[in-house]
Amino acid sequence: MTTSTENASAPLTVGFDLDLTLIDSRPGIKAAWEAFSAESGVPVDADLVVSRLGPPLEHEMAYWVPAERVPEMVAHYRTLYPAYAIEPSPPMPGARDAIQAVRDAGGRTIVVTAKNGPHAELHLAHLGIEPDAIVGGLWAEGKAEALRAHGAQVYVGDHIGDVRGAATAGALSVAVATGPCAPEELKAAGADVVLPDLTEFRPWWESYLA
């Protein structure tokens, strides 16, 4: 596994988002926010937090603390994250098979996520999911930076921000309706393909390559 963005011209490269695309991080993130609230004394509605996953942590933290405290509180939350968030977060249905489907076709897989890279790596290592590269800290249109660097032709995600990232990179946007955005919202945002979940990825992928 590598976080390098070299060898960007490899063929058949598919990018995947992480939260609510490859992993169901809601149980873990809820536990981490509850621990953060208990330790910091900051009141947080953890159920509300996990209902709108997608944007960077800094965006969410700004709902709960004054702007000047966001960097400090983000750092505090991240110290708690490994202990509370990794173990409870299972793979999404079809996640492992989607990665394998790309591999079976001789392709590469990359994970491009708004989550910070070290925590993304912990999640995937815990689940035994091994993409060829992991790039963290990128959101929406910013994801195009990594998608272009790795030559990704397809980007798979659950959020309209993922659709925008794919479009900015000139990649085909494959949306899965497993996150906070309804199928109609994903389609309206410009998704080229909308799947109910990743269990439908392999049939679509094989048809796409045919």
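Predicted model: local features only at pLDDT ≥ 70, side-chain atom pairs only at ≥ 80, totals over all residues.
Asp-24 is found in the loop that runs between β1 (13-16) and α1 (26-40). Its relative accessibility is 16%, and buried means under 20%, so Asp-24 counts as buried.

The side chain of Asp-24 forms a polar contact with the side chain of Arg-26, at 2.8 Å. When residues up to four places away in sequence are not counted, Asp-24 touches Ser-89, Pro-90, Pro-91 and Met-92.

## Helix α8

Helix α8 spans residues 160-169. Its buried residues are Gly-161, Asp-162, Val-163, Gly-165, Ala-166 and Ala-169. An α-helix has 3.6 residues a turn, so residues three or four places apart point the same way.

Just after α8 comes Gly-170, which takes a positive phi of about 75°.

## The largest pocket

The volume of the largest pocket is about 360 Å³. Its lining comprises 20 residues, of which Leu-53, Pro-55, Pro-56, Leu-57 and Glu-60 are the closest to the pocket centre. The elements that contribute two or more residues to this lining are α1, α3 (57-61) and α4 (70-85).

By residue class, the lining of the largest pocket holds 11 nonpolar, 4 polar and 5 charged residues.

Notes: Residues numbered from 1 in each chain as written. Heavy atoms only, no water. Helix = DSSP H or I, 4+ residues; strand = E, 2+ residues; numbered from the N terminus. Buried < 20%, exposed > 50% of the residue type's maximum accessible area, 1.4 Å probe, protein only. Polar contact = N/O pair within 3.5 Å; in protein donor to acceptor, adjacent residues only side chain to side chain. Contact = heavy atoms within 4.5 Å. 1 Å grid on protein atoms, 1.4 Å probe; cavity = no way out; pocket = protein on both sides within 12 Å on 5 of 7 lines; lining within 4 Å. Points joined across faces, edges and corners; volume = space filled by probe spheres on them. Nonpolar A, V, L, I, M, F, W, Y, C, P; charged D, E, K, R; others polar.
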